[in-house]
Amino acid sequence: MAALLNTPLFSMTRRWQGFLLALFACVALSGCGFALKKASYLPDDLRVLYLSGADSKSALYSNLKQALRRAQVELLPSPKLANGEDAVELHLYRDSLERQTLSLFKNGQVAQYELAYSVRYRLTRPGFEPVEQEFELYRNYQDDPDNALGKAQERDIILSELRELASRRIIRELSQL
């Protein structure tokens, strides 16, 4: 029996079994409708645009600029196309962060906060009415008065994640126009 297992024919059948198993898994996954998440597809008229903002040095502006480049959008240096026509303009208004108390410790110190990150932008396309959008993203975090430095760093990490989520959401909303 051991001699049969060491034959080249048996090891080749094991390779075929592995291949057939992988092929069956791919067919089963594609047959059930499973698909990998793709990048948001932007309409052709939004593939070239001018990005402007109330604060072009803000972190959200930088995140959005990078996200647009990843989505293969050409960013123009001015609001005019090469032929002198107006370009599509995405204007990012100021973003804001509000913090509200959710709960208190017995001694009256804050135990938990809710962060509300709001973003507002306007898309102006030649021949169309401007589209103004506004949304808010929420996150909760625990506060620890004994570890103030660590909690400040945690808040900064949460804020950077909210900015990243906001830039992805803007691109997703643009893809639905």
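These legends walk through a few close-up views of the predicted model. The model is predicted, so local features need pLDDT of at least 70 and side-chain atom pairs count only at pLDDT 80 or more, while totals for chains, interfaces and linings use all residues. Residues are numbered from 1 along each chain as its sequence is written, and side-chain values use heavy atoms, with hydrogens and water left out.

**View 1. The largest nonpolar core holds 31 residues.** A nonpolar core here is a set of buried Ala, Val, Leu, Ile, Met, Phe, Trp, Tyr and Cys residues joined through side-chain atoms within 4.5 Å. Buried means under 20% relative accessible area, exposed over 50%, and partly exposed in between (1.4 Å probe, protein chains only). The members that touch the most others are L64, L68, L90, L92, V119, I170 and L174. Two or more residues each come from strand 1 (48-53), helix 3 (59-70), strand 3 (88-92), strand 5 (110-124), strand 6 (131-142) and helix 4 (148-175). Helices (H or I, at least four residues) and strands (E, at least two) are DSSP runs, numbered from the N terminus.

**View 2. Zooming in on L90 and its contacts.** Contact means heavy atoms within 4.5 Å. Skip the neighbours within four places in sequence, and L90 still touches L49, Y50, L51, S52, L64, L68, Y121, R122, L123, I170 and L174.

**View 3. R125 and D45 pair up in a salt bridge.** A salt bridge is a side-chain nitrogen of Lys or Arg within 4 Å of a carboxyl oxygen of Asp or Glu, and the structure has 6 of them. In this one, N and O sit 2.9 Å apart. R125 is in the loop between strand 5 and strand 6, and D45 is in the loop between helix 2 (8-31) and strand 1, so the bridge ties together parts 80 residues apart in sequence. R125 counts as buried at 15% relative accessibility, whereas D45 is partly exposed at 35%.

**View 4. A salt-bridge network links R70, E164 and R168.** Within it, the closest N and O atoms of E164 and R168 are 3.8 Å apart. Those two both lie in helix 4, 4 residues apart, or about one turn of the helix. E164 is partly exposed at 23% relative accessibility, and R168 is partly exposed at 44%.
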